Amino acid sequence: MKTILIIDDEIDIIKVLQYRLKTFNYDSFFAQDGHSGLELLKSRKPDLVLLDFYLPDMKGDELLKQKELDQDIKNIPVIIITASAEVLNISNEKNWIADFIVKPISPEDLKEKIQKVIGA
Amino acid sequence: MKIFYKLFIGFIVLGVVPFIGYGFFSFEQFYKFVIREESKVLQGVLQEKVKILNNFFYKFMNNANLIAHSPSLNQFLSSTIQKKTDLENQVKPFLHYLALESKIANALIISKNGTLILGTGKFEQCQCNLLNDQIQDPLLLNCIKKTFKTGVSTISDFFYSPLVDENAIYVASPIKKDKELIGCLILQIPENQIFDIFKDYTLLGNTGESLVAMQSENKILFITPIRHYPNSAFNLSIDFDSKLATPMQQALKHNMGHGIMVDYRGKKVLAAWTYYPLMNWGLVIKMDLAEVLKPLLKMSLYLILVAFVIVTLIIIGIIIFSKKITRPLKILGEAVEQLKFGNLDKTIPIKSHDEIAVLATGINEMAAGLKQSMTSIENLNMEIAQRKEAEKAKAEFISIISHELRTPISPIKEGISLVLEEKVGRLNDEQKELLNIADKNSTRLHLFINQILDFQKLEAQKTPFRFNQCNINDLLNEVYEMFKTSATKKQIELNLQLSKDLPFVFCDKDKILEVLINFLGNAFEYTKEGSITLISSLKGENIEVEIKDTGIGIYEEDIPKLFETFKQLNDKRLASRKGTGLGLAICKKIINFHKGEIWVRSEIDKGSSFYFSLPINKEKNT
């Protein structure tokens, strides 16, 4: 079973996402800020990261930059989850991001994009 | 006052007044000059008259002396009667000749006892003794007596002589033989000869007169005919103390002088006067002041005419000059008036290179500038109007959207509630957790929509306010009770520091409570440990409320953003805070609506104090 790391500051979203991912047969764990998210990335090396762009301690692109510098975790794909579509322009050019999901999250969209990145 | 009148008066004062002043000064000088010169003439005439009189009298006295000392007369008087007839034939023609030559009225010779020996005219046939008291002629008698007494020539007064039945002057000269008085020669000077002297009015113009008078008891008696009064001789008399004939009064007081006086007619005259001691006469030469001043008046008239013409020309000049100065000012004034009414297109024509032109250029430039400003203001106004329109549209949009959002929220919430309450079947734990999440977030969405609507209403001033007299301490107590339990739960000390006897404020209690709840809600959210204190105090004419916490504090750069809507703070510590960003903006609107102030003081990691003040209600408190 593939594992997915959810990094989001809102616990409600995490919980709902976890239920949903479970139905897709993915295992998931979560972090509520950027730093602990990076720690978990390094320690547990998930197959995919679902990242909320706005975090209390750092912005999504900063986290991505740090991830890029670390060879261990560099290749773990990231799907950005954001409420505002404008964020999409920020890091598009750099090939650090696998895909985007815009809030509110539709289950079909979520499933399709995750499967496209890491398979079923 | 108009500048024109100011200039006009100024120029009149500077130009015309000195001119007129100079005119008056010159007139006065000229007047003095005329009086002085004419006085000199009158004095000259007077001296001339005196000289003539002197000559006249000395001529008679000399003649009398000469005849009296002639040997033939001496012989005639001392000879016997028989020889007398012969002598008479010799002396008589001589006397006649004398009378004719010297224009003597009469000549007579008397012996030392007074017997008239020989006479001409009225005395020719007279056989009388002149020293006889029966002869009623005091003038002649006194003259003879005086001559006999003094032994020298004597001249009588000028007076009426009954013997000749006219006014006469007698000159008596003693006839002596070996220093012994043997007789007397008497010559009568006729009045018309005296009169003739004073009938000469040369240099005296049309009104000039020569007056001769003597004092007779307490009167001034004029003794010659006068130009204006031909019968005056011995007819005209004036009281010595009267206010008339003042120059003659001076003369008879033995004074000599000249000046402006009042004559016997009561007219003002320029006169010269002197006393003539030989005859005890007063002499006055005078001329009417009116005649003296006539050339002056004539000249004055001429001068006034010239002055009038000059003054008129000056005034016309002043008017033209003043107009020339004020006309451009008037044009400027009219132009400025036009500007006042917004006619900015009118420019002032500039014809000169003076200060006015500078001013006009300034005004033209100002008008151009104003026009430009007006255009930009118009544009700005248009922009503002457009923006207002946009704001309004936005507000309406938000209002509609919010209302539309509210509607679906209700069934969502209600549906979740029904399932959660297990009204439609039992739920397992996972179901409950998910539904709780849904419920919590739908409530959050509901609150958020409500706040947007509240704020929109406040901004559009559509929120109804119910103002009442209230005690702020009551409100603080109320929120204290509200938050007491959550304080205990969070293990935070909640304190009340209320000033006693605070005056009332006039406010909407519910709205102020909303502010207090918002403040306290924030305080609780950002305070992990320590205390929260509710403080009330009186500051001047305001009541101040402070909600003080020992929380995380706020960065200084974020403080100005606190009361604005949807402002993102840079503070990373707040990223997980899921507020609407409207709470404090609503508080500010509410407090401002109460004419109060809202503000924050904060120190990072030490805590924040949120304040608001409300003006005390003076009317209700007194």
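Is B:E514 buried or partly exposed? With a relative accessibility of 33%, B:E514 counts as partly exposed, where buried means under 20% relative accessible area, exposed over 50% and partly exposed in between (1.4 Å probe, protein chains only).

This is a predicted model, in which local features need pLDDT of at least 70, side-chain atom pairs count only at pLDDT 80 or more, and totals for chains, interfaces and linings use all residues. Residues are numbered from 1 along each chain as its sequence is written, chains are lettered from A and ligands numbered from 1 in the order in which they are written, and side-chain values use heavy atoms, with hydrogens and water left out.

View 1. Two elements of chain B, α11 (472-490) and α12 (509-526), each give two or more residues to the patch, and B:E514 itself sits in α12. Helices (H or I, at least four residues) and strands (E, at least two) are DSSP runs, numbered from the N terminus.

View 2. Let's look at B:K32 and B:E28, whose side chains meet in a salt bridge at 3.7 Å, N to O; the term means a side-chain nitrogen of Lys or Arg within 4 Å of a carboxyl oxygen of Asp or Glu. Both residues belong to helix α1 (residues 3-68), 4 residues apart, about one turn of the helix. B:K32 is partly exposed at 43% relative accessible area, and B:E28 is also partly exposed, at 40%. Over all chains, the structure holds 27 salt bridges.

View 3. In the salt bridge between B:D263 and B:K286, the closest N and O atoms are 2.9 Å apart. B:D263 lies in the loop between β10 (257-262) and β11 (268-276), while B:K286 is in strand β12 (residues 281-288), so the pair ties together parts that are 23 residues apart in sequence. Both ends are buried: B:D263 has 1% relative accessibility and B:K286 has 0%. Strands β10(B) and β11(B) run antiparallel and are joined by 6 bridges; strands pair if DSSP finds at least two bridges between them. One of the facing pairs is B:H258 with B:A272 in β11(B). The two strands form a hairpin with 5 residues between them, and B:G266 in the turn has a positive phi of about 85 degrees.

View 4. B:D558 and B:K561 form a salt bridge, with their closest N and O atoms 3.9 Å apart. B:D558 is buried at 1% relative accessible area, whereas B:K561 is partly exposed at 22%. Elsewhere, salt bridges with shared partners join B:E209, B:D263, B:R265, B:K267, B:K286 and B:D288 into one network.

**View 5. The enclosed strand β3 of chain A.** In β3 (residues 48-52), 5 of the 5 residues are buried, so the strand is largely enclosed by the rest of the structure. A:L48, A:L50 and A:D52 point one way, and A:V49 and A:L51 the other way. In a regular strand the side chains alternate between the two faces of the sheet. Strand β1 (residues 3-7) runs parallel to β3(A), joined by 4 bridges, with A:I4 opposite A:L48. Strand β4 (residues 78-82) is also parallel to β3(A), again through 4 bridges, and A:V49 stands opposite A:V78.
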